[in-house]
Amino acid sequence: MANSAIMGIGLSACVTGGVDNVLGGQGNEFCTAEPSYLHDGRARTIEEAILWHDGEAQAARVAYESLSANDKSAVLAFLNSL
């Protein structure tokens, strides 16, 4: 997976869903709604985004698909921690 593909992934919920409690003061805001992924927002989860990649990212998708269930969970946990 290309580094640029995951840059800012932690902001996805804010970018695609919005921010709540803006008037509550700086630092008290939180992201709302469910995030969406891919360039057009059609993937509802990080895993969908990985699995829908093809072309230049096909090798990364195939590598992800070949992981054990535990390793897939670890990758997703890492990406969700960003």
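**Before you start**

The model is predicted, so local features are reported at pLDDT of at least 70 and side-chain atom pairs at pLDDT 80 or more, while totals for chains, interfaces and linings use all residues. Numbering starts from 1 along each chain as its sequence is written, and side-chain values use heavy atoms, with hydrogens and water left out.

**Stop 1: the whole chain**

Show the protein chain as a cartoon. Five helices and two strands make up its secondary structure; both are DSSP runs numbered from the N terminus, with helices being H or I of at least four residues and strands E of at least two. Read from the N terminus, the order is α-α-β-β-α-α-α.

The accessible surface is about 5,800 Å², and carbon and sulfur atoms account for 54% of that. These areas come from the Shrake-Rupley method with a 1.4 Å probe, and for residues only the protein chains shown count as cover. The chain has 82 residues, of which 20% count as buried. Buried means under 20% relative accessible area, exposed means over 50%, and partly exposed lies in between (1.4 Å probe, protein chains only).

Contacts are also counted for the chain, a contact being heavy atoms within 4.5 Å. Of the contacts between residues at least 6 apart in sequence, 27% join residues at least 24 apart.

**Stop 2: the largest nonpolar core**

Select Ile9, Tyr37, Ala43, Ile46, Ala49, Ile50, Tyr64, Leu76 and Leu79 and show their side chains. These nine residues form the largest nonpolar core. Such a core is a set of buried Ala, Val, Leu, Ile, Met, Phe, Trp, Tyr and Cys residues joined through side-chain atoms within 4.5 Å. Helices α3 (46-51) and α5 (69-81) each supply at least two of the core residues, and α3 gives the most, with three. In soluble globular proteins, nonpolar side chains tend to be buried together.

Now centre on Leu76. Apart from neighbours within four places in sequence, Leu76 contacts Ile46, Glu47, Ile50 and Tyr64.

**Stop 3: Val75**

Move to Val75, in helix α5. With neighbours within four places in sequence set aside, its contacts are Tyr64 and Leu67.

**Stop 4: the salt bridges**

There are three salt bridges in the structure, each a side-chain nitrogen of Lys or Arg within 4 Å of a carboxyl oxygen of Asp or Glu.

Select Glu48 and Arg44, whose side chains form a salt bridge of 2.5 Å, N to O. Glu48 is buried, at 16% relative accessible area, whereas Arg44 is exposed, at 61%.

Next select Asp54, Arg61 and Glu65. Salt bridges link these three residues in a network. Which residues does Arg61 meet, and how far away are they? Arg61 pairs with Asp54 at 3.4 Å, N to O, and with Glu65 at 3.6 Å, N to O. Arg61 and Glu65 lie about one helical turn apart because they are four residues apart in helix α4 (residues 58-65).

Arg61 is buried, at 15%; Asp54 is exposed, at 51%; Glu65 is partly exposed, at 40%.
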